[in-house]
Number of protein chains: 2
Amino acid sequence: MTTLTRASGKDDVRAGILRASLELMNEGGLGALSMREVARRAGVSHQAPYHYFQDREAILAELAGEGFEQLYDYMVSAIGLARDRASKNRAMGEAYVRFALNNPEVFRLMFRCEMVDLSRYPDAKAKADRCFNVPVEVLGASGTSADKSNPDLTPVIATWSMAHGLATLLLEGKLGQSLGETNDQREIAANRVIAFFSEHFK
Amino acid sequence: MTTLTRASGKDDVRAGILRASLELMNEGGLGALSMREVARRAGVSHQAPYHYFQDREAILAELAGEGFEQLYDYMVSAIGLARDRASKNRAMGEAYVRFALNNPEVFRLMFRCEMVDLSRYPDAKAKADRCFNVPVEVLGASGTSADKSNPDLTPVIATWSMAHGLATLLLEGKLGQSLGETNDQREIAANRVIAFFSEHFK
DNA sequence: GTATTTGCTTGACGATGTCTAGATGCGGCA
DNA sequence: TGCCGCATCTAGACATCGTCAAGCAAATAC
């Protein structure tokens, strides 16, 4: 009885810490994610999280890794529904922005190098790299360079930058009312921008 | 006389606090900017800054405001050197990225809404808005909408997003080695991306 | 010449991340 | 069965942080 509780309790505690972290982040932003509050919410002492994670950054790295996995899923499943390369490209950008709008705090976390130094967390880094390869594969054939081993990434970076900048500006409220108030309105407007962009790259 | 000394002394402390804040930020990132360390470096007690700024955010707002002024200057002077609309557009994007690479921490600060809520700082907000109007004016004539009072901002947002995304991804190291190691290399590569983008909008 | 304001200091409070040092209970081994 | 070691977790302490409150000296106002 106690054994069972304890054994399953281990995973419970670790999972509970992660769940509490995600909750806190989504409720009050990245700044609200404190070790002690996480522990409090997970119902353990303020030091218990240090048994499962080396420090605060290790928790963030795990959350960021999960974020990259989700972003990958968003993009891949959107691409799967598209037929030609142009629509794949567009669907990818739309999925990118949609993910950002649906998971603003995780998105911020994923793209702030001072929050998580990915080079210190190979697992999360691998998940990130897998993400970054999606546009390369979708757009790869469009590279103007004949050298396959060293393709010209310019179009890939331009596309990715557009989607990333749009997502970021939306998230940080820098586009004001130009793109609407609700998430739905903004997503539609964002898709218009992406469509405009894609139009010019056919 | 005394009045004059006092007045300049007052400004000294205020200016010293701002200078120390900027230094700290540039040395150790946004996280290194603490009220107490700022005060220490400015040679005053830990409470002195509260005479000039309501709280930490007020200092950040002032720094962000200065950042927007600089970004405006970067863009406007770059545009001034260009002749036609296409080169203006390109010069603007290049200036945007150059500013970000030259002032990474201020750039981060400027575009993180949880750091500075611009709606609470009208001065900084005005400086930001003036910045955001630059692309509108440069690209304004290209709007497809005939309605001048409500022009179609899609091309403006696409252009801005591209530059912003590129700057952000570069700053956060998400483009890895694809664009070189040094700031100079990255700036050149970034300009290539911007050129590619502009090419398609002629 | 006293009262008020300005500019700054000192001290305190609660909160945080993390180090160190226990406590508690389990599995393996004698 | 009894002991050891390890995993899991708690509790306490420390330095640091942002900021509130109170005080003090000098300049200014009346």
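Chain A has a mean pLDDT of 89, and 90% of its residues reach 70 or more; pLDDT is the predictor's confidence in each residue, from 0 to 100. This is a predicted model, in which local features need pLDDT of at least 70 and side-chain atom pairs count only at pLDDT 80 or more, while totals for chains, interfaces and linings use all residues. Residues are numbered from 1 along each chain as its sequence is written, and chains are lettered from A and ligands numbered from 1 in the order in which they are written.

Confidence by element comes next. A contact here is a pair of residues whose C-beta atoms, placed from the backbone, lie within 7 Å.

Now the fold of the chain. Chain A has 8 helices and 0 strands. Helices (H or I, at least four residues) and strands (E, at least two) are DSSP runs, numbered from the N terminus. Of the 202 residues in chain A, 41% are buried, meaning that 20 or more other C-beta atoms, placed from the backbone, lie within 10 Å of the residue's own. Among contacts in chain A with a separation of 6 or more, 59% join residues 24 or more positions apart.

Chain A is assigned domain 1 (1-53) and domain 2 (56-199), with bounds from an automatic or database domain assignment. Between them, 9 residues of domain 1 are in contact with 9 residues of domain 2. On the domain 1 side, helix α1 (residues 2-28) of chain A gives the most, with 5 residues. That side has 6 nonpolar, 3 polar and no charged residues. Ala, Val, Leu, Ile, Met, Phe, Trp, Tyr, Cys and Pro count as nonpolar, Asp, Glu, Lys and Arg as charged, and the others, Gly among them, as polar.

Last, the two chains. How many residues does each chain bring to the contact? Chain B brings 30 and chain A brings 30. On the chain B side, α8 (154-171) and α9 (183-199) give two or more residues each, and α8(B) gives the most, with 12. By class, that side of chain B has 15 nonpolar, 10 polar and 5 charged residues.

Chain B can be laid on chain A with an RMSD of 0.1 Å by a turn of 180 degrees and a shift of 0.0 Å along the axis. The two copies are therefore related as by a two-fold rotation axis. The superposition is by least squares on C-alpha atoms of residues with pLDDT of at least 70 in both copies. The same surface serves both, as 100% of the contact residues of chain B recur in chain A.

Methods: Two residues are in contact if their C-beta atoms, placed from the backbone, lie within 7 Å. A residue is buried if 20 or more other C-beta atoms lie within 10 Å of its own, exposed if 12 or fewer, and partly exposed in between; C-beta atoms are placed from the backbone.
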